[in-house]
Amino acid sequence: MEFSLYTQLPPQLPYNAFCYEFDNNFLVENDFFRYQIFSPPQLQKAVAKRKAEYLAGRFCAKQVLSSLNIHPCDILSGNDRAPIWPDNIIGSITHTQGIAMAMACHRADIAGIGIDIEQLMSDKQEQELQKQILHPEEYSQFKQLAEQISHPLTIVFSAKESIFKALYPSVKQFFGFEAAKLIAFNEQQLQFKITKTLSEQVPQGTCLTVFYQCNNTVVLTECEFKTPL
């Protein structure tokens, strides 16, 4: 399996990032050895698509670590399936059909980074999944968003995935889509408010900005969570 740089959606957060295209149909068992990526035991029985996406995500992560002058190492997964980055590194990995991306930075005043790439939902999915993804109090803002952009639910869904990844290091427990509600937006950013206290570091009322952009096939969202003062 080969990788080629994907440049259609350049990241908007100012951190090191790499995004690559790949075709899982060309995955062979030797690829993990070829790219020096550790294949965890739980991946052995996975389908080719899952293996290829895992490999691609970790390949991106290795490129990011090298760009930060960190000796490339295996990015293992914890029991919660979250990537385990080296000490003093904050990062995030995402992948979808044929595209993977990783972003990271040195831990300073950044408590978390979340990135997410999603395939655009069909019109039917955009209608049917609203109750599962939207907070009851964000329908008004969502309706306004839908009047200005296509695939608004895909964008909100992806944004909430990025929020989850950005906050997880400070929360360390699962929380659902209802924990964040859309309160404002413009052509590049979505503003969300946390609807309930998730941890001491993430109290109710915490506001977060999510950058978003999309093309004809996918959406990319990015979120950072800075250490509270």
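Trainee: Which strands does helix H2 lie across?
Mentor: In this predicted model, helix H2, residues 48-67, lies across strand E2 (16-21), E3 and E4, and the helix runs at about 145° to E2.

Trainee: What's the strand order in the open sheet of four strands?
Mentor: The order is E1-E2-E4-E3, and the pairing is antiparallel. The edges are formed by strand E1 (4-5) and strand E3 (89-96), each of which pairs on one side only.

Trainee: And how many bridges join E3 to E4?
Mentor: Eight bridges join E3 to strand E4, residues 99-106, and these two strands run antiparallel. As for individual residues, Thr96 stands opposite Ile99 in E4.

Trainee: Switching topic, where is Val218, and is it buried or exposed?
Mentor: Val218 is found in strand E9, which covers residues 218-226, and it counts as buried because its relative accessibility is 1%.

Trainee: What is Val218 in contact with, leaving aside neighbours within four places in sequence?
Mentor: Its contacts include Thr96 and Ile99, the two residues that stand opposite each other, and also among them are Tyr6, Leu9, Ile117 and Gln213.

Trainee: How many disulfides does a search of the whole structure find?
Mentor: The search finds zero.

Trainee: Why is Cys214 too far for a bond?
Mentor: The closest cysteine sulfur, in Cys19, is 15 Å from the sulfur of Cys214, whereas a disulfide needs the two sulfur atoms within 2.5 Å. Cys223 is in no disulfide either, with the nearest cysteine sulfur, that of Cys207, 12 Å away.

Trainee: Are those two, Cys214 and Cys223, buried or partly exposed?
Mentor: Cys214 counts as partly exposed at 34% relative accessibility, while Cys223, at 0%, counts as buried.

Definitions and conventions
Residues numbered from 1 in each chain as written. Predicted model: local features only at pLDDT ≥ 70, side-chain atom pairs only at ≥ 80, totals over all residues. Heavy atoms only, no water. Buried < 20%, exposed > 50% of the residue type's maximum accessible area, 1.4 Å probe, protein only. Contact = heavy atoms within 4.5 Å. Pairing = 2+ DSSP bridges. Axes fitted to C-alpha atoms, helices over the stretch in contact; angles between N-to-C directions.
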